[in-house]
Amino acid sequence: MILLVHILSWVLIALFLWEEQWRGRVTILVLVAISLLLPLLGSGDSVYVLQAFGLAIRVGIGCVFLIKHKLAVVS
């Protein structure tokens, strides 16, 4: 299940990068870089918490893309 969330978040980020202007792309890439570097800041059990937080940031970027395109909410 987590693997599907990872894949979906990367697909949505790629689509978001495809449609944005250069300033939007830079912002998105900075947020993605931060989310990927977060686990490197932790040690021990905090690595897993920071990994989950990084995933949440990437999923949040995907949600912003979906909200921007006003796609139907899946419930």
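User: What makes a stretch of residues a helix here, and where does I67 lie?
Analyst: Helices are DSSP runs of H or I with at least four residues, numbered from the N terminus. I67 lies in helix α3, residues 46-68. This is a predicted model, in which local features need pLDDT of at least 70, side-chain atom pairs count only at pLDDT 80 or more, and totals for chains, interfaces and linings use all residues. Residues are numbered from 1 along each chain as its sequence is written, and side-chain values use heavy atoms, with hydrogens and water left out.

User: Why is I67 called exposed?
Analyst: Exposed means over 50% relative accessible area, buried under 20%, and partly exposed in between (1.4 Å probe, protein chains only). I67 has 64% relative accessibility, so I67 counts as exposed.

User: Why is W22 called exposed?
Analyst: The relative accessible area of W22 is 59%, so W22 is exposed. W22 is placed in helix α2.

User: How does the reach of α3 compare with the span expected at 1.5 Å a residue?
Analyst: The expected span is 1.5 Å times one less than the number of residues. With 23 residues, α3 reaches 33 Å from its first C-alpha to its last, close to the expected 33 Å.

User: Which residues of α3 are buried, and what do they pack against?
Analyst: G54, L55, R58, I61, G62 and F65 are the buried residues of α3. They pack against α1 (2-19) and α2 (22-37), where contact means heavy atoms within 4.5 Å.

User: What follows α3?
Analyst: K70 follows α3, and its phi is positive, near 50°.

Notes: Helix = DSSP H or I, 4+ residues; strand = E, 2+ residues; numbered from the N terminus.
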